[in-house]
Amino acid sequence: MKTVGYAAYSSDAKMAPYHFERRALRANDVAIEILYSGVCHSDLHTVNGDWGPQSYPLVPGHEIIGRVVEVGPDVQRYQVGDKVGVGCMVDSCQACDQCDHDEEQFCREGVTPTYGEPDRVNGETTQGGYSKHIIVREEFVLRVPDALDLSRAAPILCAGITTFSPLRTWNVGSGSRVGVIGLGGLGHMAVKLAVAMGAEVTVLSRSKKKAQEARALGATGILSSTDSDAMTEAAASLDLIIDTVPVQHDVSIYTPLLDIDGTLVIVGQVGPMDEFMTIPMIMGRRRVAGSLIGGIKQTQEVLDFCAEHDIHPLCEIIRPDQVNEAFAAMEKGDIAHRYVMDMSSLSVES
Ligand SMILES: [Zn+2]
Ligand SMILES: [Zn+2]
């Protein structure tokens with residue numbers, strides 16, 4: 001299938017149009033016309049080569065919303081015209097213990113990410129959602145509920161599931177006290193989801209500049225990490241902290257905010273951290289943990305949860321040819337919304 005997208009041609013080149021072929025449909029494949037494609041911080045890191053060498057041209061994008069245009073003969077669950085999504089994964093072994101209990105992101109043989117790694121069958125580098133079409137095996141296609149606005153649903157597939165999964169793992173519910181560090185693409189979704197689960201949410205930020213934004217999202221307050229009196233007063237007041245900051249930072253200042261047995265979960269890929277204080281960990285059996293997206297079943301669950309609770313990520317709709325500007329804005333600092341590309345202006349013919 002002929003298609004077109006935006007690709008990085010090297011680690012230091014700007015994103016530019018790229019005409020390429022999608023694989024011929026396999027029996028269990030779903031062909032999707034992409035309508036909207038979210039722009040995630042990981043896309044930027046990956047194309048820049050920050051996380052290791054890449055094979056170029058590389059089409060990033062793993063927040064994909066579209067419509068089914070064709071299905072293979074063995075496809076059971078989808079029909080032409082269905083509204084569907086694709087997130088960060090497009091294949092896994094489907095046989096190991098992790099795949100068996102719906103945690104394909106931890107597949108023992110390694111999950112196949114939506115872009116930048118070899119396809120399990122033909123070995124070609126997978127290409128992501130900054131394109132007009134994608135072909136994905138049925139098991140990795142999500143159903144988009146009718147109640148979701150297609151133009152604002154894409155970020156649920158990465159930012160949404162990445163924050164939803166730890167909220168579920170640590171059983172957040174009515175009365176839970178949750179802190180969210182950072183109010184960017186992930187952070188703002190963490191706040192909305194935790195509030196919808198019944199938690200009392202505090203945003204942790206360097207300054208109080210984002211207090212209004214935090215409250216608008218449903219947070220009860222904002223705590224400035226540079227206000228040492230307020231930080232001392234807030235000691236042992238949280239059950240769970242979701243740390244979404246995607247750059248190196250000191251987590252030690254936040255761990256004393258956890259109550260006994262509390263957990264700080266890192267969801268932003270940060271790389272090596274500076275040394276951190278072990279005393280709060282020992283003195284309160286506190287934990288620092290990590291979490292990686294979520295399985296396909298849970299990704300469907302977060303889509304359904306957002307539909308049920310009328311949760312939409314804050315999105316700014318852009319054209320694909322504005323992606324370089326979006327990258328530049330994201331490099332400057334966290335933005336409390338997601339750029340989402342409307343793919344309708346991309347044409348295979350041009
Ligand atoms: Zn992402
Ligand atoms: Zn597996």
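Helices and strands are DSSP runs, numbered from the N terminus. The model shown in these views is predicted.

View 1. Pro 57 sits in the loop that links helix 1 (41-47) with strand 4 (64-71).

**View 2. Gln 94 has a positive phi.** The value is near 65°, and the residue is not a glycine. Gln 94 belongs to the loop between strand 6 (89-91) and helix 2 (97-100). Gln 94 has 14 C-beta neighbours inside 10 Å, so it counts as partly exposed.

**View 3. Ile 293 also has a positive phi in a residue other than glycine.** Here phi is near 25°. The loop that holds Ile 293 runs between strand 15 (287-290) and helix 9 (296-308). Ile 293 counts as buried because 27 C-beta neighbours lie inside 10 Å; the cut-off for a buried residue is 20 or more.

**View 4. Helix 4 crosses helix 5.** Helix 4 spans residues 159-169 and helix 5 spans residues 185-196. Their axes come within 8 Å and cross at roughly 50°. Helix 4 is therefore oblique to helix 5. The crossing is right-handed. On the helix 4 side, the contact is made by Ala 159, Gly 160, Thr 162, Thr 163, Phe 164 and Leu 167. Helix 5 contributes Gly 185, Leu 186, Met 189, Ala 190, Leu 193 and Ala 194. By class, this contact has 8 nonpolar and 4 polar residues, with no charged ones.

**View 5. Ile 260 is an exposed residue in a strand.** The strand is strand 14 (residues 258-266). Ile 260 has 10 other C-beta atoms within 10 Å, which means that it is exposed; the limit for that class is 12 or fewer. Setting aside neighbours within four places in sequence, Ile 260 is in contact with Gly 284 and Arg 285. Lys 210 is 50 residues away from Ile 260 along the chain. The C-alpha atoms of these two residues are separated by 28 Å.

**View 6. Domain 1 meets domain 2.** Domain 1 is made up of residues 2-157 + 314-345, and domain 2 covers 160-290. Their C-alpha centres lie 28 Å apart. The contact takes 12 residues from domain 1 and 11 residues from domain 2. On the domain 1 side, the residues that touch domain 2 comprise 7 nonpolar, 3 polar and 2 charged.

Note on methods:
Residues are numbered from 1 along each chain as its sequence is written. Chains are lettered from A and ligands numbered from 1 in the order in which they are written. This is a predicted model: local features need pLDDT of at least 70, side-chain atom pairs count only at pLDDT 80 or more; totals for chains, interfaces and linings use all residues. Domain bounds come from an automatic or database domain assignment. Two residues are in contact if their C-beta atoms, placed from the backbone, lie within 7 Å. Ala, Val, Leu, Ile, Met, Phe, Trp, Tyr, Cys and Pro count as nonpolar, Asp, Glu, Lys and Arg as charged, and the others, Gly among them, as polar. Helices (H or I, at least four residues) and strands (E, at least two) are DSSP runs, numbered from the N terminus. Axes are lines fitted to C-alpha atoms, for helices over the stretch in contact, and angles run from 0 to 180 degrees between N-to-C directions. Angles under 35 degrees count as roughly parallel, over 145 as roughly antiparallel, 65 to 115 as roughly perpendicular and the rest as oblique. A crossing is left-handed if the near helix is turned anticlockwise from the far one by less than a right angle, and right-handed if clockwise.
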